[in-house]
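Please read the points below alongside the coordinates. They take up the contact between the chains and then some backbone details.

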Amino acid sequence: MITRRTLGLGAAALIAAPAISRAQAPLRLLVIGGGFGGASAARFARDSYPDVQVTLIEPRTRFVTCPYGNLVLAGTKQLDAITFGYDAVRARGVTVIHDLASGIDPVAKSVRLAGGQALGYDRLILSPGIALRWGAIEGYDEAAAGLLPHAWVPGDGGQTALLRRQLEAMEDGGVVGIAIPPNPFRCPPGPYERISMIASYLKKAKPRSKILALDAKEAFSKQGLFQDAWNALYPGMIEWVPGNRDGKIVKVDARERVLETEFGEKHRVAVANVIPPQSAARIAIDAGLANASGWVEVDPVTFEAKAAPGIHVIGDANTAPPMPKSGFIANSTSRQAVASAIALARGAAPPADASYFNTCYSHVGDEYGISVVGIFRPGPAGFVETPNSGGVSPRGNLPDQRRLEAIYADAWYKSITDYMFGA
Amino acid sequence: MLPAVVIAALMVSLPALAQGPDRPLAALSCGGCHGVGSAGQGPIAPLAGRPKAELVAAMTAFRRDERPGTIMGRIARGYTDAEIDAIAADLAARR
């Protein structure tokens with residue numbers, strides 16, 4: 001049906017104006033990925049360019065957000081509250097195809113779907129997200145994730161649900177081990193919000209339990225604020241081991257629930273959450289867009305992949321330091337990427353004076369939220385954070401600030417998911 | 001009668017002029033917390049349709065820490081006067 005409609009439009013254009021070139025037919029914007037980057041790109045394109053034909057390819061019919069997944073682990077949200085469908089996206093006039101994009105031909109400007117179909121495009125927005133690097137931690141593969149959940153790529157929500165069930169089944173006094181990867185990875189404050197949210201559950205339900213956070217890094221996002229909160233809310237419950245104190249996990253024994261460090265220390269835990277090293281999703285790697293580190297380098301104005309102009313790569317799959325791999329950055333940059341793609345397709349210049357906006361809220365306890373803000377711009381060699389702006393919440397005993405930020409975090413979540421998936 | 005080249009140029013340029021985003025993209029970032037279209041979200045204030053001068057004054061005060069807030073000071077310091085002016089004009093024009 002979708003194919004027929006697409007063909008119908010093309011045929012009508014051919015009959016009505018046989019002498020006019022492809023440039024006069026509706027511009028075809030193809031979006032791969034229906035998450036924070038892709039769904040935002042599709043919405044912005046429909047809102048701002050009603051004459052552009054927008055097609056979104058996403059394998060899943062239901063999208064589970066990474067943000068607020070940690071509240072599911074805390075038991076204060078249910079999975080269905082962070083799960084969204086694509087009906088409103090369709091109602092907005094986006095053609096949504098639930099299939100896996102399995103290959104890109106940048107010369108023919110065509111995307112191959114796992115179902116066998118090939119879709120032509122004038123401009124491609126690629127927002128495929130991340131892949132977990134199975135085997136980067138010895139013994140940690142897809143089968144091991146069935147025992148030691150990562151809960152870092154939500155998929156159908158099964159991983160988050162599994163980790164929650166394991167926490168519920170754990171006896172009071174158990175140790176929850178969390179392995180945290182080196183930079184860069186999706187959602188820099190995410191592991192530490194997760195530590196906090198698991199601690200909030202344990203404090204209520206299993207107060208003799210402990211969290212052992214084994215980190216490949218020596219420092220992390222909003223560190224002072226997180227550690228202040230841990231000391232205040234969960235004293236004695238959380239041990240964070242940095243990389244320079246042998247925190248880096250290099251091997252797991254999934255059956256025995258053993259996390260082994262670089263220098264051979266073996267931590268046997270009751271529940272293990274292993275967040276492995278990551279890369280751009282497979283389609284970006286297979287299309288030859290990624291660098292040796294596994295991420296896609298992009299132009300800071302247009303988000304075109306340096307390896308393939310005409311393919312605009314947004315979201316966690318690109319490498320854009322100092323911007324974080326966050327849902328808000330994916331959302332914010334999607335608009336500049338779409339506007340640039342359409343301008344370039346029409347022979348015009350991309351929007352000038354671009355700025356990209358991020359706020360990452362983290363919940364660390366009941367009515368206790370913290371944030372980091374960043375405003376970024378294209379620079380001569382990549383992205384630059386705007387001086388004397390942004391930054392983290394103030395430290396200190398500020399209960400009103402913490403309570404308000406928790407409330408505002410909820411408003412952020414509602415606003416951004418409404419933009420992507422709401423009517 | 002217009003020369004063919006002018007007609008061709010009009011055919012190409014007219015749609016391009018009419019079809020771009022007609023607003024500063026930075027203004028759309030506000031909606032990330034202030035609700036779709038910055039129409040407000042729960043306890044977060046609506047911005048759309050407010051007088052431009054009020055929005056500029058608020059951002060200026062946030063930037064100088066003269067108005068209490070949780071994160072708006074950190075945000076306001078990331079934009080120039082000209083950018084705040086353009087964002088405020090855009091939001092004021094929306095209902």
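**Note on the interface and backbone**

1. The contact, meaning heavy atoms within 4.5 Å, takes 26 residues from chain B and 43 residues from chain A. This is a predicted model, in which local features need pLDDT of at least 70 and side-chain atom pairs count only at pLDDT 80 or more, while totals for chains, interfaces and linings use all residues. Residues are numbered from 1 along each chain as its sequence is written, chains are lettered from A and ligands numbered from 1 in the order in which they are written, and side-chain values use heavy atoms, with hydrogens and water left out.

2. The size of an interface is often given as the accessible area lost when the parts come together. Between chain B and chain A the buried area (accessible area, 1.4 Å probe, that two parts lose on being put together, summed over both) is about 2,700 Å², and carbon and sulfur atoms give 61% of it.

3. Between chain B and chain A there are 2 salt bridges, a salt bridge being a side-chain nitrogen of Lys or Arg within 4 Å of a carboxyl oxygen of Asp or Glu. One of them joins the side chains of A:Arg377 and B:Glu83, at 2.6 Å from N to O.

4. On the side of chain B that touches chain A, at least two residues each are supplied by α1 (4–19), α2 (26–29), α3 (31–34) and α5 (72–76) of chain B; helices (H or I, at least four residues) and strands (E, at least two) are DSSP runs, numbered from the N terminus. The largest share, 4 residues, comes from α3(B). By residue class, this side of chain B divides into 12 nonpolar (Ala, Val, Leu, Ile, Met, Phe, Trp, Tyr, Cys and Pro), 11 polar (the others, Gly among them) and 3 charged residues (Asp, Glu, Lys and Arg).

5. The peptide bond from A:Asn183 to A:Pro184 is cis, with omega near -5°, and A:Pro184 sits in the loop between β11 (175–180) and α7 (190–205) of chain A. Another cis peptide bond, with omega about 10°, joins A:Pro321 and A:Pro322, where A:Pro322 belongs to the loop between β22 (318–319) and α10 (327–345) of chain A.

6. Although not a glycine, A:Lys222 has a positive phi of about 55°; this residue lies in the loop between β12 (210–215) and α8 (223–233) of chain A. At 6% relative accessibility A:Lys222 counts as buried, where buried means under 20% relative accessible area, exposed over 50%, and partly exposed in between (1.4 Å probe, protein chains only).
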